[in-house]
Amino acid sequence: MSSQSEWWDVVDADGAPIDATFRRGSGPWPLGCFYLVVAVCAQRADGAVLLTRRAASKDFAFGWEFPGGSALAGESSCDAASRELREETGLDVEPLKLIPMGRFVEDAALLDFYVARVTGNETLALQSTEVMAAEWVTPDEVIRRLNAGRMAEPWSARLHWLWSSTEQELRRAR
């Protein structure tokens, strides 16, 4: 789907739809309203987590991040996170198996962050228009990349807010 044909629900500060939709790129965002963004920290049984590198054509090109994107109109946060993970990486995790880590509030977006345990087939199928590379790394490597300025810019504030609880969840699984 072209980003210009994406429709998003307009939501309030609590993430509840306000009975309006917005076509991505169609003009200024309505003040005081939000759209929903999701991201997933996929974790293998050995404790490694998946980072993806943004394609050259994207904003924040070449930066590392967790797979994710915008929820489409009518889509729940969990459904969007599952879809984005599958589209960008080929990993299929059922929405009900996603573990919520928290919500980060940005100027016009609410980011819901999840952990997903990946079992079975870990073969990646990257969506070339979104992702140019992917690596399974240790949680410590995520912080090294953040501190070295290698994460896509939005992830600096997001990880400062969400990483402590995420690291606890990642350790619990091991």
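**View 1. Threonine 21 and the residues it touches.** In this predicted model, threonine 21 makes contact with Trp7, Trp8, Asp9, Val10 and Ala73, leaving aside anything up to four places away in sequence. Threonine 21 is part of strand β2, which covers residues 17–23. With a relative accessible area of 44%, threonine 21 comes out as partly exposed. For a sense of scale, take phenylalanine 113: threonine 21 is 92 residues from it in sequence, and the two are 22 Å apart in space, C-alpha to C-alpha.

**View 2. Tryptophan 29 and tyrosine 35, an aromatic pair.** Searching the whole structure turns up 8 aromatic pairs. Here the ring centres of tryptophan 29 and tyrosine 35 are 5.1 Å apart and the planes meet at 65 degrees, so this pair is edge-to-face; the cut-off for that label is over 60 degrees. Are these two residues buried or exposed? Tryptophan 29 has a relative accessible area of 19%, so it is buried, given that buried means under 20%. Tyrosine 35 is buried too, at 19% relative accessibility.

**View 3. Two arginines over tryptophan rings.** Which ring does the charged end of arginine 145 sit over? That would be tryptophan 64, with the charged end 4.5 Å from the ring centre. Arginine 158, for its part, lies over the face of tryptophan 155, at 4.9 Å from the centre of the ring.

Notes
Residues numbered from 1 in each chain as written. Predicted model: local features only at pLDDT ≥ 70, side-chain atom pairs only at ≥ 80, totals over all residues. Heavy atoms only, no water. Phe/Tyr/Trp six-rings, centres within 6.5 Å; stacked < 30°, edge-to-face > 60°. Buried < 20%, exposed > 50% of the residue type's maximum accessible area, 1.4 Å probe, protein only. Lys NZ or Arg CZ within 6 Å of the ring centre and 35° of its normal. Helix = DSSP H or I, 4+ residues; strand = E, 2+ residues; numbered from the N terminus. Contact = heavy atoms within 4.5 Å.
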